[in-house]
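I opened my notebook to look through a new structure, one piece at a time. Here is what I looked up, in the order I went.

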Amino acid sequence: MAALLEVKNLVKKYKTVTAIDGASFSVEKGVCFGLLGPNGAGKTTTIEVIEDVIPPTAGEILYKGRPRTVSFKDEIGIQFQTTSLLSFLTVRETLETFQNLYRKAADIDNLVELCHLSEFQHQYNDKISGGQRQRFLLAMALINRPELLFLDEPSTGLDPQARRNLWDLIQQIKKEGKTIILTTHYMEEAQHLCNEIAIMDYGKIIARGTPQKLIKQHSPEMTVVLPLQSVNHSLENLPLPYRRVHDTIEIKTNDVNSCLDLLLSQRVNLSDLTVRSPSLESVFLNLTGRQLRE
Amino acid sequence: MSFRRFWTMFKARNREFFRDRAAFGWNFLFPFLIVAGFGVIFGAKSYTEYKIGLFPHEAVTVTPADPRIPNGLRKLRYTKFIGIPTKSEGLDKLKHHKIDFLLKLGNPPYDYYVSDASPKGYVIEQMFTLSLIPPDFKTGAQKKEIQGNAIRYLDWLFPGILAMNMMFSALWGVGYVVVRYRKNGVLKRLKVTPLSAFEYLSAQALSRIFLLMFTLVVVWLGCDFIFSFTVLGSYADLFLIFFLGSTSMTALGLVLASRGTSEEFTTGILNFISWPMMFLSEVWFSLEGAPQWVKAASRIFPLTHILTAVRKIMHDGAGLMEVSVEIAILTLMTLAFLVLGAVMFSWNK
């Protein structure tokens, strides 16, 4: 399938910082592409360069196989990580205002219904809750029926209910065939929504693929977790490599059955044992490390 | 250029202005309060310019009818007499400029005290000493009346207040607001839409000009209803000059709006421009007699040219031809500001 968007050797340098260091990736039409990375990895800068908010230092960005033209702005929808809107306008008036800025326009009543805005559509746009605001900003990003949608950490700061609600909404938008580029540092969100993922760190793309492929490549092992007290007496004799995490020990294994047999042979009490499947989070931590970035 | 996009932003900005009740009310109330305040001060007979202390006097308030006040002082207008019990209290008040002149009550030759640092004290001193010269020794002088209608100070001040309000509203309403929008990300959100910088800035500017003229008309009608100002020239000419003035001020606002994300810095720049403009453009007082360089400096401000033209039309009945120099200067300034603002404008920084 032809790529809707291609990013080639993108570089963005500030005076002393290189925010993007030769990032390359492509996004196919109809997929939800997740750009993951720790804080300060360069995710937001990357999508803001693609959105034409800031100019790149070097590199090439192709949309539908060609450099972006003036009409690019008409074909994309954007939800920024943080944004303010024109003051003293209601939610509906803000949607109407932005609708008038584009050639193509979505039906506002449909958007109000899709994003569940009806309850607060006549309130001022700065007098709504965090969850309402994210749904409203998503509706704004959809106001021009975009082919390519950018969502920059759309669920940051939301409570679990509001986050689930937003995910359902994004799933619905995905079903309509729109291409989505999503940045997040919630691994669960990426695993739930994205067909393809690129992990970014220090301005570089360090891994790419489907969530399943990334897990298989970078963190294929299951994790067996046991309370420390269950193994305390036989810790020295444990025949497996383990890692102590607070009051538990974690054992990585590709073969859970053999691992459990070995533990039983050492008379380890398995009553409080838990087994964790490999996840995107472990991939992320394996690739980007555990040290605090900010 | 899309008219639809321009019109959308024009409407959005107007809604913001009309719905921000506090700022909206203040835009009308501020000039009205100043004009009304000066109307009360200068219209009332009790207006005081000079304060004369009298000692020893037991009462604080002294009327001019008090027989102990020398005749020459009693007849002076715009004076207020203040009774002071002792000399030392009187000297203290004089030292701190609470009074302009201190006189010891009694018979001639009078003892008086005046501060060399007080210009008003000097004037009173001259008037007092002149009043003591017997009429026979005074050389003759004949009072001639000003030809035509007398211009009240309020008539002279009123266009200054309106134009000053226009200046503040244009500079802050465009300059400050756009910088705030740049700082909080509104401009970034608009930049990623098809809206062009020209459409956005022209909507901001025309919305502000519309609001300035709307405010002007409302405040004019309100003040005129109470104080009935004299306009010898044409109202249409006056409107045209104010329109041109609001355009040039708004264009200056666009220059200030073109860059920057710091509201504090922009506030500093706005004050740096607006305060000298207010004092040097003859809003409050005439620069007649001021040093030549001050007069020359005042000509760099559009407000000076707006007020010169408006006052010529209002008070001298001038037509557009007679204010053509001011019109030309304001037009050139407007064009220069627009070009500068457009060249410098950045959505991001």
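My entries below go from whole chains down to single residues and back out to the contact between chains.

**Entry 1: getting my bearings**

I reminded myself before starting that this is a predicted model. I began with chain A and looked up its outline: the C-alpha trace spans about 70 × 45 × 40 Å along its principal axes. I then listed its secondary structure and found eleven helices and 14 strands. Chain A has 294 residues, and 38% of them count as buried. I also checked how far along the chain its contacts reach. Among contacts between residues at least 6 apart in sequence, 71% join residues at least 24 apart.

**Entry 2: a sheet in chain A**

I picked out an open sheet of four strands in chain A, with the order E2-E1-E4-E5 and antiparallel pairing. Which strands stand at the edges? They are E2 (18-28) and E5 (66-67) of chain A; each has a single partner strand, so one side of each is left without a neighbour in the sheet.

Strand E1 (residues 3-13) of chain A is joined to E4(A) by five bridges, and the two run antiparallel. Across that pair, A:Val7 stands opposite A:Ile61 in E4(A).

**Entry 3: one residue, A:Leu62**

I stayed on strand E4 (residues 58-63) of chain A, because A:Leu62 lies in it. Is A:Leu62 buried, exposed or partly exposed? I found 15 other C-beta atoms within 10 Å, so A:Leu62 is partly exposed; being buried would take 20 or more.

Not counting residues up to four places away in sequence, A:Leu62 touches A:Glu6 and A:Pro67. I also looked up A:Arg276, 214 residues apart from A:Leu62 along the chain, and the C-alpha atoms of the two are separated by 41 Å.

A background note to myself: in soluble globular proteins, nonpolar side chains tend to be buried together. I looked for such groups here. The largest nonpolar core has 123 residues, and those with the most contacts inside it include A:Ala139, A:Ile180, B:Ala163 and B:Met167. Helix H6 (residues 153-184) of chain B gives the most to this core, with 14 residues.

I then asked what B:Met167 is in contact with. Leaving aside its neighbours within four places in sequence, the partners are B:Met249, B:Ser274, B:Met277 and B:Leu303. There is also a second, separate core of 15 residues, which includes B:Leu54, B:Leu73, B:Ile99 and B:Val114.

**Entry 4: where the chains touch**

How many residues does each chain bring to the contact? I noted 19 residues from chain B and 21 residues from chain A. On the side of chain B that touches chain A, helix H1 (3-19) and helix H7 (186-191) of chain B are the elements that give two or more residues. The largest share, seven residues, comes from H1(B). Sorted by class, this side of chain B has five nonpolar, five polar and nine charged residues.

Methods: Residues are numbered from 1 along each chain as its sequence is written. Chains are lettered from A and ligands numbered from 1 in the order in which they are written. This is a predicted model: local features need pLDDT of at least 70, side-chain atom pairs count only at pLDDT 80 or more; totals for chains, interfaces and linings use all residues. A nonpolar core is a set of buried Ala, Val, Leu, Ile, Met, Phe, Trp, Tyr and Cys residues joined through C-beta atoms within 7 Å. A residue is buried if 20 or more other C-beta atoms lie within 10 Å of its own, exposed if 12 or fewer, and partly exposed in between; C-beta atoms are placed from the backbone. Two residues are in contact if their C-beta atoms, placed from the backbone, lie within 7 Å. Ala, Val, Leu, Ile, Met, Phe, Trp, Tyr, Cys and Pro count as nonpolar, Asp, Glu, Lys and Arg as charged, and the others, Gly among them, as polar. Two strands pair if DSSP finds at least two bridges between them.
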